[in-house]
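Student: I am new to this structure and would like to work through it step by step. May we begin once it is in view?

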Amino acid sequence: MTPLEFILATFAVSVGAGIFGAVLGLGGGIIVVPALTLLLHVDIRYAIGASIVSVIATSSGAGAVYVKEGLTNIRVSMLLETATTSGAILGAFVAGIVHPKWLFLLFGLILSYSAFQMWRGPRHVTSGESHADLLVQRLSLGGSYFDQAGGAEVVYHARRPKAGLLVSSFAGVISGLLGVGGGVIKVPTMNLIMGLPLKVASATSNFMIGVTAAASAGVYFYRGDINPIIAAPVAVGVAAGALIGTIILRRMPTKILHIVFTAVLLAVAAQMLWRGLT
Amino acid sequence: MSHPPPLPRDIKPPFRRVEIFLSYLLRTGVALSMMLVLTGVVLLFVRHPDDLSQARNLPGLVAPGAEFPHTVGQVIRQFDGVSGRAVASLGLLVLIATPVLRVAVSVVAFALERDWTYVALTMLVLILLLLSFRVGGAG
């Protein structure tokens, strides 16, 4: 393979990763790392460096569209980011105390349970059933967005901010330790625990993962893990894919989004359980 | 007496100004970064046409030990406008800086909205972010 072919192949894979990441609110890492290492035989260090870049490109590229449309809940994102960032720092300290094997198993079980909940169907708190407590009111976590697929304005409320914070800090610890699980745990947290509509959860998760990734990206860059020959086509491809992804999410019926997300949760859960057992 | 129905109390009126500004910031960051990254790749092709058409050159570019700038200092020193790798790396640095800048700008945005709870929360996130740079050993 010539360097030119390598750059074009990396670009093509990254467009796919960007679409996937922008629709589901996950980083493109789930696709970028295996594609680069298995298909293009890139060293794992450079693959992880490129995947961190892909997360930021998805987050900022899709974020520009979602924030403008009001799909991203900025307040929820800031609230939960306090938990994910402190969790990530805590994770860096407890690394070495707990064997990763147990964390992979625990994470796999949590994801399996989330997949089961997600499969039971879409549920979010709509305006009819308002039971906002004082904390929720003080944090003004509710919002509204125009759903293109449904053709109507969706007004929603949020609940259980404390439970959301707790799970988010756990997600932060996990991603700080294992380098996985950014979006894949944030979306179910916001949808199933806090009651945000799935599209809002996806857009908000997408917005949040860029910040966490930027913190680690600085470290990776200095360590020399971000090779521009690999990361450049990844960044451009993912940003282009993310723009396509925003168009798809807007038009996608929420029901189908639920099915796709459940399948992805199951796949990642199986992967985590496998890594914990072997 | 007629007035629009009040929004439920846990929903504040949308802060569209902030949203549009943040969206503009993200778009500018991504666009600038993409421009630099693309220019960098094109420069690589223009300056080393042979390098890029020979399969035997690939390992030297992408295998462990490949040479490229990886500190801000190196990127700036090598940035003479014609080194493809330095231009692309500068683009990647712009991309990495965008989300951090987004949090910093959000502090100001919430202050303009007089939403002090979120000014405090956002500042906390910014401090934690800078702290995680230190923990990671980059700062």
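Student: Which residue forms a salt bridge with Asp147(A)?

Tutor: The model is a predicted one, and the distances here are computed from it. A salt bridge requires a side-chain nitrogen of Lys or Arg within 4 Å of a carboxyl oxygen of Asp or Glu. For Asp147(A), the closest N and O atoms of the pair are 2.8 Å apart, and the partner is Lys199(A).

Student: How many residues apart in sequence are the parts that Asp147(A) and Lys199(A) tie together?

Tutor: Asp147(A) belongs to strand β1 (residues 143-147) of chain A, whereas Lys199(A) belongs to helix α9 of chain A. Both Asp147(A) and Lys199(A) are buried. The pair therefore ties together parts of the chain whose separation in sequence is 52 residues.

Student: Which helix of chain A holds Arg250(A), the salt-bridge partner of Glu69(A)?

Tutor: The closest N and O atoms of Glu69(A) and Arg250(A) are 2.9 Å apart. Glu69(A) counts as partly exposed at 32% relative accessibility, and Arg250(A) counts as partly exposed at 23%. The pair links distant parts of the chain, 181 residues apart: Glu69(A) is in helix α3, and Arg250(A) is in helix α10.

Student: How many salt bridges does the rule find across the interface of chain A and chain B?

Tutor: Over all chains, the count comes to six salt bridges. Across the interface of chain A and chain B, the number found is two.

Student: By class, how many nonpolar residues has the side of chain A that touches chain B?

Tutor: The contact takes 68 residues from chain A and 66 residues from chain B. Elements that each supply at least two residues of the chain A side include α1 (3-24), α4 (74-94) and β2 (152-156). That side has seven charged residues, 19 polar residues and, for the class in question, 42 nonpolar residues.

Student: What area is buried between chain A and chain B?

Tutor: Carbon and sulfur atoms give 76% of this area. The two chains also have six residue pairs in polar contact, counted with both residues at pLDDT 80 or more. The buried area is about 5700 Å².

Student: Which geometry, stacked or edge-to-face, does the aromatic pair of Tyr46(A) and Phe68(B) have?

Tutor: Tyr46(A) lies in helix α3 of chain A and Phe68(B) in the loop between α3 (58-62) and α4 (72-78) of chain B, so the pair joins two chains. Both Tyr46(A) and Phe68(B) are buried. Planes over 60 degrees apart count as edge-to-face. Here the centres are 6.0 Å apart and the planes 65° apart, and the pair is edge-to-face.

Note on methods. Residues are numbered from 1 along each chain as its sequence is written. Chains are lettered from A and ligands numbered from 1 in the order in which they are written. This is a predicted model: local features need pLDDT of at least 70, side-chain atom pairs count only at pLDDT 80 or more; totals for chains, interfaces and linings use all residues. Side-chain values use heavy atoms; hydrogens and water are left out. Contact means heavy atoms within 4.5 Å. Buried area is the accessible area (1.4 Å probe) that two parts lose on being put together, summed over both. A polar contact is a pair of N or O atoms within 3.5 Å; within protein, one must be able to donate a hydrogen and the other to accept it, and residues adjacent in sequence count only if both atoms are side-chain atoms. Helices (H or I, at least four residues) and strands (E, at least two) are DSSP runs, numbered from the N terminus. Ala, Val, Leu, Ile, Met, Phe, Trp, Tyr, Cys and Pro count as nonpolar, Asp, Glu, Lys and Arg as charged, and the others, Gly among them, as polar. Rings of Phe, Tyr and Trp (its six-membered ring) pair if their centres lie within 6.5 Å; planes under 30 degrees apart count as stacked, over 60 as edge-to-face and the rest as tilted. Buried means under 20% relative accessible area, exposed over 50%, partly exposed in between (1.4 Å probe, protein chains only).
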